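Hello,

Here is the structure for you to look at, with notes on what was found in it below.

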Amino acid sequence: MSYTRHTSTFRFELLPSSPESTTGFGPRLGKTCLERYGEDGVLEIVTPGFITSTSRGVVPHLSRDNTDATDAIRWAHVPFETFLEHTPPVPTLQSGSHPLHKFLGFRPNQHILTMTLRDPSDDREMPANGHSFVSAYSLRGVRKVSPGDWRKYVLACDPDIAIALSDTPFTTVAHSQKRTTKSLERSAAWLADLLQAVPSPGSEGPTPRLNVFVHMAGGVIAAARHAFSVSLLEPLYEREAETIKPFTHLDEGVSGYTFDLIPLYDGLSPSSRFNPPTPSALSTVEETVEETAAALDPPHSSSPTAQLVPLLHASLVPLPKTKPRIVHSAGSPHVMLALIRDVGIDLFDAHWAQRAADIGIALDFVFPAPPGAPDAPKALGNNLYDARHAHDFSPFADSFRTCADADARPVCPCIACSPSRHAAPLRMSALDEPLSEHAPTPFTRAYVHHLLHTHEMSAHALLTAHNLSVLDAFFACVRRVLADRPADFAGEVERFCVVYDGTMAVWEEAKATWAEVALARGKGRLAREKERQEKDALGTAVEL
Amino acid sequence: MQFEVLAKCHTTRARVCRMKLAHGVTMLPTFMPVATQAAIKGLTPQQMEGLGVSLILNNTYHLNLRPGIKVLQEAGGAHKFQGWNHNLLTDSGGFQLVSLSKFTKITEEGALFASPFDGEPTMLTPEESMSIQHAIGADIIMQLDDVVSSLTVGPRVGEAMQRSVRWLDRCIAYHQNSGRQDKQNLFAIIQGGLDPDLRAQCLDEMVKRKDGVAGYAIGGLSGGEEKDVFWRIIKQCAEKLPEDRPRYSMGIGFAEDLLVCVALGVDMADCVFPTRTARFGVALTFKGPLNLRLGKHSREFIPIDDNCPCPTCSDGVSRALLHHTVTRETSAAHAVTLHNLTFQAQVMGRARDAIMNGTFPTYLREFFSNYFGDTGYPEWCVNALRSVGVDLLEHNTDAKVVEGDGAKWEYSDAS
């Protein structure tokens, strides 16, 4: 029997070992299961875990063979707005089953795909959303997307999970209470729209339905966030009840909750979009470096996570605990650990680790942190732009061994640390002899240092695969501690924060060196790179 | 080097050879992808292996600047530095001195140029070029030659040719004293511009030095000269070069150029064209190049080429997705680069099989018919191949023939 659209079942199970805390919020171990009717196999992803970010529908810097070779990529988050450059959006025209997977090259038997309208890491100013549309960004200008459009796109693309439209303002105008109320009403109404019954193609098989996640609206006002959640649980009546039948209230049709941190950090920061910086009259080279560097800011890594926790609690208190919680744009493992510990977040996007690959950082950290207290906090990664790596023939990370080592450290399975021979090289003529056999050697910091300084794109491919693999190992170890010795988890989080530098000085350093190289390479690339940083959050410009 | 001619075309001067170097066997004729800075742009060595590529090129000028010889020596050579355990060729660095540096002055001693690091006058001598290439450790190394643009006329062309011969002697002497001849093979470079007399003199002199060189390159072309002159020079050189040495046309990468060169007796060629054009969104196919940036590809849910074995096409990556991502996502550049290098390798791989099977003239006719049948055959290709006994227009009297360089491009949405 073949797969019919919209018949995949998404389940989330909390594992019993999750330690209980007095606040009702604590770290949790879980498992998401995606089962597709008519297809063998279940896609299981254990949590806490992560979701790979995409740019223009693809994992930045990884060709499909390298995406396939990166086991850490199991779930990808696809912002749809770049496809609004064409009407109708091209992926909606893709035929066959799993059209979004097929179009973008993800494997239905390996990858879960989430489809969302907007890129959660994009905090650019945008025109206001309307009563019946969200303003989305595409290279051909701002596009208004109605809930009806969105539902049509989701039905045509058949992602595994769709995120309902949410009214999150990205305007410079201060948000009034009235605006907040309107935002909650719109977000709820737009969710209802996506929860409408899916037309059934026939009588056979299960009733088709969408796996819908909802963004937790309400901004930085705890009461508003609470009110939004409460509204999801209220029984609907009359026309609204008719819309979401057979569900009686919105939350019944919701598979999970998402939290975009960017608008929260924006709302909490006194200097953000309410006080835009004045442009400098004089533009010197130094300033250009700073500007370019500023465009690469990690997503608010140093912002106080503590302020987020009560806001996330306010959303979650009324809601059932049995659904998965996804956070977008957590700026460091420190923030991730805090949100696992204090809120019970289950999944994070990998934006931070992928961005590190853009700016030349090879991640190098483990959980729990290594024993002993270092003199100074350790960096989370190695800035391979730095001159100290020019003659450094060691592999990317000290915390992991490569395929060529045989010690007790965990192995990093990425294409850089554990490259493997191509299984079946092409032969272009009957005469060709097989290539000589040899075991590939792990890539070195000196080589990638060279590639970064010559702006060779291969550097970012190797770093992306590596960083995703390090993040994967990190979450595996978080789960192990939670499973084996949950009582120690909070202590290990604290120790991690002492051992590893949460201010991420290495990030600032990498940004500065990155900008210098960009300048050294001339204006053309810099201009395109700047344009890229302004428009697309992830990835680097193609070196032409 | 072990070099063996396995088969010759019964009609043209094309041949199939087996070239065994320190890092393995490369079958000729072949196209060599260019890894200027020790990486094929965007790809890993494992991906290159996957394409069946066994010989790539590094640029000496660039590697000498970055990472520098010290780093390469610490790494144990360029092979180890970039994780490439197959064959490698380096140029002499001379060409880039002329094309990239504004202040280069050629003296008998060597090329005097301003150091890109501190602006100080720096001398690249033939001996220094050999020494740098020894440190890089490529399987094939090139003599330092005195390069002039192929559009240069007057006494400078003859002077450069004669100096290149004298510099070859210095390179041979230095290389022979290095004791590295078992691992590294020195190629001479035929110069002489577009002047058949100068080319003839250069060929005479350099063929005399055959015992000191493992192969010959044809240099000083591919710089904007008339195609009709280009092929005649290639033909002249290939005819005079010794049978038992590989022949390498430098800077040749368009499919039609490659096949004409092979038919005239060339064994190897290199060019940045297939990889560079990929980054700009142009995919090469047997029916001509596709410009994936054009709107007409935005809704094409088919691969670049259904029959292509490359990772991109065999995985079904659609032209529509490539249209959405080219020039914006590096992974699209990687995807098209993988495809274009496979295309080049196929053009040459099929030539090897055809020469071996005695069907090379048929292969040429079919290739040109598919590639140029709709837009017209470049006249220079027709003439060049007629000179070695293949008439592209045979049985095809209606075929259109066009003057000029005939390079085929998909420029706009108009077509």
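The side chains of A:D472 and A:R74 form a salt bridge, with 2.9 Å from N to O. A salt bridge here is a side-chain nitrogen of Lys or Arg within 4 Å of a carboxyl oxygen of Asp or Glu. Between domain 1 and domain 2 of chain A the count is one salt bridge.

This is a predicted model, in which local features need pLDDT of at least 70, side-chain atom pairs count only at pLDDT 80 or more, and totals for chains, interfaces and linings use all residues. Residues are numbered from 1 along each chain as its sequence is written, chains are lettered from A and ligands numbered from 1 in the order in which they are written, and side-chain values use heavy atoms, leaving out hydrogens and water.

In chain A, domain 1 covers 8-272 + 293-350 and domain 2 covers 356-421 + 438-535; the bounds come from an automatic or database domain assignment. Contact between them (heavy atoms within 4.5 Å) takes 42 residues from domain 1 and 39 residues from domain 2. The domain centres, taken over C-alpha atoms, are 28 Å apart.

The area buried between the two domains is about 3300 Å², and carbon and sulfur atoms give 73% of that area. Buried area is the accessible area (1.4 Å probe) that two parts lose on being put together, summed over both.

On the side of domain 1 that touches domain 2, there are 24 nonpolar, 12 polar and six charged residues. Nonpolar means Ala, Val, Leu, Ile, Met, Phe, Trp, Tyr, Cys and Pro; charged means Asp, Glu, Lys and Arg; the others, Gly among them, are polar.

Regards
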